[in-house]
Amino acid sequence: MSEPKRGRLVRDLPDGTVRQERGTVDGNAVRLDPEEAAEMVEALNVAHAGAFNLFYLVRKHYWSAEGAESGEVAEFLGDAYERLREIDDSVAERITELGGVPVSTPPEIQEYAAVHLEAEHLYSLRASLEGDLDAYATLAVSFREAINTADEIGDEASYELLSDRLETIEEDAHTIERYLEDDALVEVDR
């Protein structure tokens, strides 16, 4: 096994011109008050970072699903990570519409995300799904908090976007719950 890479994970583009610095909120076309837009961008970045991490968790479990139910579960996980990617992209796009910059580097994402990544190992399908269910619940809380922020400041577009995506998150969590109730979800001996 090779040694882990050390050094900078993030680099500046030597000939690039910075259009907007991270952590700033420029004017926005939706004419939301700048302070309220900044507050909404912060809440959206938490939701965005959590969705980004859950996307990677679910994709990893899609790749590594095995056992008696693995085909059906893997098919669901493949669809679920595609839905998470769409959710994440739509939230990041909303951040830019509000004049913000979505978190995008691994250190920033980990700083903002309430959903944490698991260790690099492969775990049983049951343990992976239990972790996913917990991550979905955590992500749902982040979305609800962002929905509350949108409601408080009167950002109807963010409210609607987050509410629609929250329904998808809750539906997928419910599906995982059903898989975990199934006694046929057994481990494979290696």
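This is a predicted model: local features need pLDDT of at least 70, side-chain atom pairs count only at pLDDT 80 or more; totals for chains, interfaces and linings use all residues.
I'll start with helices H1 and H2. H1 runs over residues 34-64 and H2 over residues 70-97. Their axes come within 8 Å and cross at roughly 160 degrees. The cut-off for roughly antiparallel is an angle over 145 degrees, so H1 and H2 are roughly antiparallel to each other. The crossing of H1 past H2 is left-handed. If you sort the residues in the contact of H1 with H2 by class, you get 18 nonpolar, 4 polar and 4 charged.

Now the other pair, helices H4 and H5. H4 covers residues 125-153, and H5 covers residues 156-181. Here the packing angle is about 160 degrees, and the axes are 9 Å apart. H4 and H5 are therefore roughly antiparallel as well. H4 also passes H5 in a left-handed crossing. As for the make-up of this contact, H4 with H5 has 17 nonpolar, 2 polar and 9 charged residues.

On to the aromatic rings. How many aromatic pairs does a search of the whole structure find? The count is 5. I'll show two of them, both involving phenylalanine 55. To describe a pair of aromatic rings, one gives the distance of the centres and the angle of the planes.

Phenylalanine 55 has 9% relative accessibility and the limit for buried is under 20%, so phenylalanine 55 counts as buried. Tyrosine 56, with a relative accessible area of 35%, is partly exposed.

The other pair is phenylalanine 55 with tyrosine 81. This one is edge-to-face too, with 5.6 Å between the centres and 75 degrees between the planes. Where in the chain do phenylalanine 55 and tyrosine 81 lie? Phenylalanine 55 is in helix H1 and tyrosine 81 is in helix H2, 26 residues apart, and the pair thus links distant parts of the chain. Both phenylalanine 55 and tyrosine 81 are buried.

Lastly, the rings can be taken as a group. Which residues do the ring pairs link into a cluster? They are Phe52, Phe55, Tyr56, Tyr62 and Tyr81. That brings us back to H1 and H2, the helices that hold phenylalanine 55 and tyrosine 81 respectively.

Notes: Residues are numbered from 1 along each chain as its sequence is written. Side-chain values use heavy atoms; hydrogens and water are left out. Axes are lines fitted to C-alpha atoms, for helices over the stretch in contact, and angles run from 0 to 180 degrees between N-to-C directions. Helices (H or I, at least four residues) and strands (E, at least two) are DSSP runs, numbered from the N terminus. Angles under 35 degrees count as roughly parallel, over 145 as roughly antiparallel, 65 to 115 as roughly perpendicular and the rest as oblique. A crossing is left-handed if the near helix is turned anticlockwise from the far one by less than a right angle, and right-handed if clockwise. Ala, Val, Leu, Ile, Met, Phe, Trp, Tyr, Cys and Pro count as nonpolar, Asp, Glu, Lys and Arg as charged, and the others, Gly among them, as polar. Rings of Phe, Tyr and Trp (its six-membered ring) pair if their centres lie within 6.5 Å; planes under 30 degrees apart count as stacked, over 60 as edge-to-face and the rest as tilted. Buried means under 20% relative accessible area, exposed over 50%, partly exposed in between (1.4 Å probe, protein chains only).
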